[in-house]
Amino acid sequence: MVIETKLQTNTLKLIDDLKSVCANYGLGNDGNEFKIITQAFLYKFLNDQFIAEAKKKDKNLAKVKDAEEFYKCISAMSADEFARLERKMDGNIAKLEPIHFIRFLFQRQNEGDFAKLVDDTLLNIATLNNDIFAIKTEGEAKVVLFDRISQFIADPAKRDEFCRAIINKLVNFQFSFEGSFAKGYDFYATIFEYLIKDYNSNSGGKYAEYYTPHSVARIMASILVPKEQQNTLTNISCYDPAAGSGTLLMNLAHAIGEDRCTIYTQDISQKSSNLLRLNLILNSLVLSISNVIQGNTLLHPYHKEVNRLKRFDYIVSNPPFKLDFSDFREQLDCDENQQRFFAGIPKIKPKDKSKMEIYQLFLQHIIFSLKPEGKAAVVVPTGFITAHSGIDKAIRQHLVENKMLAGVVSMPSNIFATTGTNVSILFIDGANKSDVVLVDASNLGEKIKDGKNQKTILTTAEEQQIIDSFNQKQVKDDFSVVVSYEEIANKNYSLSAGQYFDVKIDYVDITPEEFAAKMKGFSDNLESLFSESRRLEDEITKQLVKVQYE
């Protein structure tokens, strides 16, 4: 535990140091700062990961104590020896040459055109690893692993100095990631969240990245994959059509087992896709990077099999709720999409196009993309679960009539610090032909200040309460209820737990004398009120008589 705490502390300090370098060169809060921070961090991570793997595969390298000695040993290898070493290494490890190591750059930092050397090194690593580490766009173009980080410095005269500062932070930092690779998801989830905390919010433009709180992600994963099923599933396909930085998928993959599933994603934002790629690398899911697609899921869904869209075992998503998609709305309204958008396509809002209900399209796409007995968990605005008509009701009716609903969890307000919209989690299960669980968790959690916003935090016990109530189909007063598909149909397909709670009437035993006394009290009180009412009527009448026209 002490070692893990030290690793975490040192890792967070490295991130802060890199941010400090950016701030010193005028890039603090710059739109490109996140590219420099995440790429420098990733470069260090891949270096240390290669070193750790090389030590596992070569008994001579296993004896090496520090990075400088390792670099000397690896540089002394012949081309054939180095090639044999790389062939032994795990497929999740990035391919590196001796000239790609941080130590190599550190030794040449006083040479001219140092910024170009750093940029060329990063791009060379990206090219060497293109087959595994590149993200594809919907048009099959490749988004490579690294950019030229010096280009973000406007003054060419300062680029060498900036790159020296970055490399010095990486090489002089007295720790290695080597001790962290066995820590797994729980360690890297915290690191990743800290790494991107300033760059992954919904305040950055039309197609902004939506970050899902870990409490919501854990609840979704634990209900989709109950504890008794974890590490028993095999060859599972997992999908998110609006993946963002991948928080939901990482939780789901961890519950299933990272080596037991394959990740598929699509997201319109290149920034999100780059962050997702980093998340996959940190969580030993490198082989899924080839399934990360940057593009418009609704207009150009990428993942296909034979002559139709691919279907998946598990789908998780927190899609944007409202967004202006008027520029491609008519393209969606075609014969080809009739089955996919079975409940309809939202109309263009004449007064405010930004309020078009785009989540309705993502939700229909998810239902269409699910295997017959697949499972899904989708974050929706709570208004979806009770809407009396329109597309929302048509989607709920479809889920009920096709018996593919597991239930709903209505979350506390402000569970997302960046939006005041109340949210619920819709759970879909093609195999659930019996009762449905509805949970009202809106009263749980503690409200805290998060910057300028108010945020609700769930305790671990509260998370577990939600998970257990859902998975065990528990009935709890004013919290959870179990209902049949028929009952839901009779309630206009409402999925609000509150509409199914029993109305409680408290009966109290009292004597005839006590009853008579209570009734007299009520009667006296009413007579007093009536008397006051008559007095006021008389007063108003008198005042009206005095009113004269002038």
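How far is the sulfur of cysteine 22 from the closest cysteine sulfur, and which cysteine holds that one? The gap is 11 Å, to the sulfur of cysteine 163, so the two sit too far apart for a bond.

A word on the numbers: this is a predicted model, where local features need pLDDT of at least 70, side-chain atom pairs count only at pLDDT 80 or more, and totals for chains, interfaces and linings use all residues. Residues are numbered from 1 along each chain as its sequence is written, and side-chain values use heavy atoms, with hydrogens and water left out.

**Cysteines.** The structure holds zero disulfides, a disulfide being a pair of cysteine sulfur atoms within 2.5 Å. Cysteine 238 is in none either, with the sulfur of cysteine 261 nearest at 4.5 Å. Cysteine 22 has a relative accessible area of 0% and is buried (under 20% relative accessible area; exposed is over 50%, partly exposed in between, with a 1.4 Å probe and protein chains only). Cysteine 238 is buried too, at 0%.

**The core.** Nonpolar cores here are sets of buried Ala, Val, Leu, Ile, Met, Phe, Trp, Tyr and Cys residues joined through side-chain atoms within 4.5 Å. The largest has 154 residues, and Phe50, Ile74 and Phe427 have the most contacts inside it. Helix H2 (residues 33-57) gives the most to this core, 12 residues; helices (H or I, at least four residues) and strands (E, at least two) are DSSP runs numbered from the N terminus. Leaving aside neighbours within four places in sequence, isoleucine 74 is in contact (heavy atoms within 4.5 Å) with residues including Phe50, Leu61 and Phe101.

**Helix H8.** In H8 (residues 159-172), the buried residues are Phe162, Cys163, Ile166, Ile167, Leu170 and Val171. Down the helix axis they fall within an arc of 160° (taken from the directions from the axis to the C-beta atoms), so they line one face of H8.

**Aromatic pairs.** There are 15 of these. Rings of Phe, Tyr and Trp (its six-membered ring) pair if their centres lie within 6.5 Å; planes under 30 degrees apart are stacked, over 60 edge-to-face, and the rest tilted. Here are two edge-to-face examples:

| Pair | Centre to centre | Angle between planes |
|---|---|---|
| Phe41 and Phe177 | 5.3 Å | 70° |
| Phe70 and Phe101 | 5.8 Å | 70° |

Phe41 lies in helix H2 and Phe177 in the loop between H8 and helix H9 (185-196), 136 residues apart. Phe70 sits in helix H3 (residues 67-76) and Phe101 in the loop between helix H4 (79-88) and helix H5 (102-107), so that pair ties together parts 31 residues apart in sequence.

Terms used
The expected span of a helix is 1.5 Å times one less than its number of residues.
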